[in-house]
Amino acid sequence: MKLLDVEIAENKMIANGIYLLSFESDYLANTFKPGNFVNILVEKDSIYPLLRRPFSISFVKENKVFIGYKVVGKGTQILSQKKKGDSINVLGPLGNSFLIDKFNGKVAVVGGGVGIFPLLSLCHELKKAGNKIDVFLGFRSRSDLFFVEEFKELSDNLFISTDDGSIGYKGNTVEVFKTKIEEGNYKVAFSCGPKPMLRFLKSLNLPFKCYVSLEEKMACGIGACLCCSIKGKDGNMLHVCSDGPVFDIMEVEI
Amino acid sequence: MLEVEISGVKLKNPIIAASGTFGFGREFSKLIDLNLFGGISTKGITLKKCAGNPQPRLCEVYGGIINSIGLENPGVEAFVNDELPFLKKFNTKIIANINGFNKEEFIELAKIVSPLVDMIEVNLSCPNIKEGGMAFGKDPNRVYEITKEVKKVSACPVIVKLTPNVTDITELAKAAEKAGADAISLINTVSAMAIDIETRRPLIKMVTGGLSGPAIKPIAVRMVYECFQKVNIPIIGMGGIMNYKDAIEFFLAGATAIQIGTVNFVNPNAVSEIRKGIENYLKAHGFKSVKDLVGNIII
């Protein structure tokens, strides 16, 4: 990991309140693995927001790094107003990564909301490794859709669902996934999304391994502040930033 | 120019990483050179492994953060066996921050740890635990009693870390000095609370937590200033130091050394920037050393 001052190449709204930001960094583009995240200092010498903000790296293209985010508070609001050429300070790459392998069978990828971002590069690498992939994406509504074309290209089957039914299946994406488990004959699943969605996924007690990328409030991003602790299966404390963000879903309390 | 001394322990510069913000050094060592610090105060340790408080443990407010980590740590045995050997590789003084849930635990921890480190910091000020910590640290009699007992068994100098959550912090400072403390460090976080008005729930699971960051700096400077008038032992000042200017304020108020905490999360390079800043300030104002600044406020 390194501390990097980078210049924003592009920062555009790609869906309702959802942005995709990019910057050039040879170092990050070369060291990045799907699942890694960065801790961004949105504004230098600012006292509100004060802390860095963690964002997953969605994908890299040559030496360009792409970060997707949703405007939810002051930090992301300020970030959304940044223009091409503005400077931000980035700490990364941080955390562990998704397991990439040639699985002897189909892979399921289940994403909800902004949790979809880190799954794009994951699918890219899974595909490169020779896997067949079923992708399940959940959004609130039609106006919140993003990356659909990209996932269509990488997946063998793409299932879209929305909370309001304005496009695709109506309801929870895990519900859709549940109906396909038997015929899918999956060997492994990967997921990222809001906590209720991941809890639902865990409650399915899948007959195969499922790896999830988690999110918690964090200050340092490197395992020093212990703000992002979660409980492991054996009662041990795990840290989302340094032990994760990717965990075996059955090994952690969600 | 930057060297300072606390009870015979020479720090090559007056900047110490504050306990609870720097893990056991290992985490930051991948990013910055730990040799830059005059000292490192380790994450607070307890006799037994401690899981800490439930999530959420952190929220951000204007000018600061509220945390309620609750002393999550692997326990003293893991500290001695797994963490200390790593930290000892660096040219920096090691300060072990110790936390007991009763007097006996403080004594036991001091016995185990004090022969192995440069100084111990007796944490009588953690706001995020039910027993011990701030509950002891608010009462001058308890501060006196625990400091005295810890001092009896310690093989190295003893720093007592004080809480700001009292009417008069100088009473605690005087109690620590009377009991034989070699130095005091102040301030720990300020008891605080924040509420999400949409959910009407507190932003911290434990309802209240400890506020750190720039918001508490003026309170901390005032408390260092007040204690400097009342005690003769060195004061280590901390609370919202974000840059060298903040550090200079603490020296002028009476601090011999400073600790930096929250800023490590925001800017891991802070130690090196603050070090250079202090040096430049000394040169520009014709001071020979940090010692010349201590308590050198003009009223």
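How many residues of domain 1 of chain A are in contact with how many residues of domain 2 of chain A? In this predicted model, 15 residues of domain 1 meet 13 residues of domain 2 within chain A. The two domains are those of the domain assignment, which places domain 1 of chain A at 2–94 and domain 2 of chain A at 106–213. Their C-alpha centres are 24 Å apart.

Between them, domain 1 and domain 2 of chain A bury about 1100 Å², and carbon and sulfur atoms account for 68% of that area. On the side of domain 1 of chain A that touches domain 2 of chain A, at least two residues each come from strand E1 (2–15), strand E2 (18–24), strand E4 (53–61) and strand E5 (64–70) of chain A. Of the elements on this side, E4(A) gives the most, with 4 residues. By residue class, this side of domain 1 of chain A divides into 10 nonpolar, 4 polar and 1 charged.

The area buried between chain B and chain A is about 2500 Å², with 67% of it given by carbon and sulfur atoms. On the side of chain B, Leu58(B), Glu60(B) and Phe265(B) together supply 25% of the area that this chain buries against chain A, more than any other three residues.

Glu60(B) also takes part in a salt bridge, in which its side chain meets that of Arg53(A) at 2.9 Å, N to O. Across the interface of chain B and chain A, the rule finds 1 salt bridge. The rule also finds 12 residue pairs in polar contact across this interface, with both residues at pLDDT 80 or more.

Notes
Residues are numbered from 1 along each chain as its sequence is written. Chains are lettered from A and ligands numbered from 1 in the order in which they are written. This is a predicted model: local features need pLDDT of at least 70, side-chain atom pairs count only at pLDDT 80 or more; totals for chains, interfaces and linings use all residues. Side-chain values use heavy atoms; hydrogens and water are left out. Buried area is the accessible area (1.4 Å probe) that two parts lose on being put together, summed over both. A salt bridge is a side-chain nitrogen of Lys or Arg within 4 Å of a carboxyl oxygen of Asp or Glu. A polar contact is a pair of N or O atoms within 3.5 Å; within protein, one must be able to donate a hydrogen and the other to accept it, and residues adjacent in sequence count only if both atoms are side-chain atoms. Domain bounds come from an automatic or database domain assignment. Contact means heavy atoms within 4.5 Å. Ala, Val, Leu, Ile, Met, Phe, Trp, Tyr, Cys and Pro count as nonpolar, Asp, Glu, Lys and Arg as charged, and the others, Gly among them, as polar.
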